[in-house]
Amino acid sequence: MEDELQPVDDGEFVYRRIHRQHFQPGIPSCVLVTAFRPTDDDKSGLSVFRQRFVQPVDTLLSVKEEKRKDHYVARLAVADLRKLGLSVVPDPDPLGPHGHSLIPELTTQAYHADKRRWKDLQEELAKLASADIVHRPDSLVS
Amino acid sequence: MSGVLERPARSWGSRPIPGRAHELLHSFLPSEANGRHVRAGTLQKNALNNEGLPASDAAWLAMLEKLKSFRELEDDWDGQGAHGPSEDVVNSAIDLLEIIRYEGELPAPSAVAPSPDGSVLIVWQEQDGMYCEVEVVRPSFAEVMLKLPGQETLHWTIPN
């Protein structure tokens, strides 16, 4: 098995889970900025998963089972994140899906300290995510 | 459906609704922000049908209904620890959207969404890249962000 602690390369892609409440079909940026709002749990950064370690649907394994059907998954290029001044660092979770990583700049503390900057940037993240939806909730409906 | 668009019953301040609504929209419209002007096709005013209702009334009602549904969201509604919005925050978002609708200066929003931290977001987007979000972060207080292509992002709050 590849080492999940290996540094994240600029050529990699990462997945971000998107709840259906943060997705609006039929508009230019279908992923809404709220999909990138850090929560109280995001003290060390915003969670993403490295594509090289998981399939998109695997990222939902740490979501409560009854809620998994409510999630999309978007793919983001690490190079695009870097252009926005963001990084991705490995943060393996032995109890969760493989490839767990963090965007360490985007913590709840950082967000509340400079909301205007982060709101602007989250809108850019939402546009990037909207362009590459790799899993839809319907995919889990039998 | 009623043929008359009723004035919203509650307000975001102590002033009469029409004056307050006008003030809100005055601050909301980008043409009033730092002398910038909206290009043709951006945030077009709704046409009215013969009942005096905006032609896109169904879109408004859909967004208002979706906002009302946020009252049902409990903590951990996303399975990842999100906070459910308080009833007061949801009611404030509904009030604000009803005020904006009543004034008839803006189209129905493109989306509404609950944030994982308990706020409620109202969003307008257009194909040309125009983006505006109004985030009700607590009762009767919202943060606004407006991005117009090629221009500096604007931020302000309601009330100012």
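What share of the contacts in chain B with a separation of 6 or more comes from residues 24 or more positions apart? The share is 55%, where a contact means that the C-beta atoms of two residues, placed from the backbone, lie within 7 Å. This is a predicted model, in which local features need pLDDT of at least 70, side-chain atom pairs count only at pLDDT 80 or more, and totals for chains, interfaces and linings use all residues. Residues are numbered from 1 along each chain as its sequence is written, while chains are lettered from A and ligands numbered from 1 in the order in which they are written.

**Chain B**
- Chain B has three helices and five strands, taken as DSSP runs numbered from the N terminus (helices H or I, at least four residues; strands E, at least two).
- Along the sequence, these follow the pattern α-α-α-β-β-β-β-β.
- Of the 160 residues in chain B, 37% are buried (20 or more other C-beta atoms within 10 Å of the residue's own, with C-beta atoms placed from the backbone).

**Where the chains meet**
- Here 23 residues of chain B are in contact with 21 residues of chain A.
- On the chain B side, the elements that give two or more residues are strands S1 (111-114), S2 (120-125), S3 (131-138) and S4 (141-147).

**The sheet in chain A**
- Six strands form an open sheet in the order S4-S5-S2-S1-S3-S6, with antiparallel pairing (at least two DSSP bridges between two strands).
- Its edge strands, each pairing on one side only, are S4 (89-90) and S6 (133-135) of chain A.
- S4(A) is joined by two bridges to the antiparallel strand S5 (residues 100-103) of chain A, where A:Ser101 is the bridge partner of A:Pro90.

Technical notes
A residue is buried if 20 or more other C-beta atoms lie within 10 Å of its own, exposed if 12 or fewer, and partly exposed in between; C-beta atoms are placed from the backbone.
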